[in-house]
Amino acid sequence: SLHCVKTITEKHGPIVVYRGHVINTVREAAFISTYFFVYEGLRKRLVEERVPGSIPIAGGIAGAISWTVSFPLDCIRAGVQGTDL
């Protein structure tokens, strides 16, 4: 809430709001790039082979692989954002 942000920034300064922002951006970039790379390649192959449900199957597999790739970065982000101020 706004009250929470106001209280924290008054006590620790405005930079604290962005704590963990860089690692979160890196994690998102890793997730999105992996997701679209896997999704597009897998979707194309499944559609060419006329597999029923090609698009949701490609999306599910791409999501699982992307989360596996980006999960270690999420652990680091949580550690950074969870440290004492």
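1. Basis. This is a predicted model, in which local features need pLDDT of at least 70, side-chain atom pairs count only at pLDDT 80 or more, and totals for chains, interfaces and linings use all residues. Residues are numbered from 1 along each chain as its sequence is written, and side-chain values use heavy atoms, with hydrogens and water left out.

2. Salt bridges overall. There are 5 salt bridges in the structure. The criterion is a side-chain nitrogen of Lys or Arg within 4 Å of a carboxyl oxygen of Asp or Glu.

3. R27 and D74. These two residues form a salt bridge, with the closest N and O atoms 3.4 Å apart. R27 sits in helix α2 (residues 21–48) and D74 in helix α3 (residues 54–82), so the pair ties together parts that are 47 residues apart in sequence. Helices here are DSSP runs (H or I, at least four residues), numbered from the N terminus. R27 and D74 are both buried. Buried means under 20% relative accessible area, exposed over 50%, and partly exposed in between (1.4 Å probe, protein chains only).

4. D74 and R77. D74 also meets R77 in a salt bridge, at 2.9 Å from N to O. Both residues lie in helix α3, 3 residues apart, or about one turn of the helix. Shared partners join R27, E28, D74 and R77 into one salt-bridge network.

5. R45 and E49. This salt bridge has its closest N and O atoms 3.3 Å apart. R45 counts as exposed, at 52% relative accessibility.

6. Packing of α2 and α3. Two packed helices are described by the angle between their axes and the distance between the axes. For α2 and α3, the axes come within 8 Å and cross at roughly 160°. That makes α2 roughly antiparallel to α3; the term applies to angles over 145 degrees. Axes are lines fitted to C-alpha atoms over the stretch in contact, and angles run from 0 to 180 degrees between N-to-C directions. The crossing is right-handed, meaning that the near helix is turned clockwise from the far one by less than a right angle. The contact of α2 with α3 has 20 nonpolar, 7 polar and 4 charged residues. Nonpolar covers Ala, Val, Leu, Ile, Met, Phe, Trp, Tyr, Cys and Pro; charged covers Asp, Glu, Lys and Arg; the others, Gly among them, are polar.

7. Cysteines. The disulfide count is 0, where a disulfide is a pair of cysteine sulfur atoms within 2.5 Å. C4 is partly exposed, with a relative accessible area of 39%. C75 is also partly exposed, at 43% relative accessibility.

Terms used
Helix = DSSP H or I, 4+ residues; strand = E, 2+ residues; numbered from the N terminus. Parallel < 35°, antiparallel > 145°, perpendicular 65-115°, else oblique.
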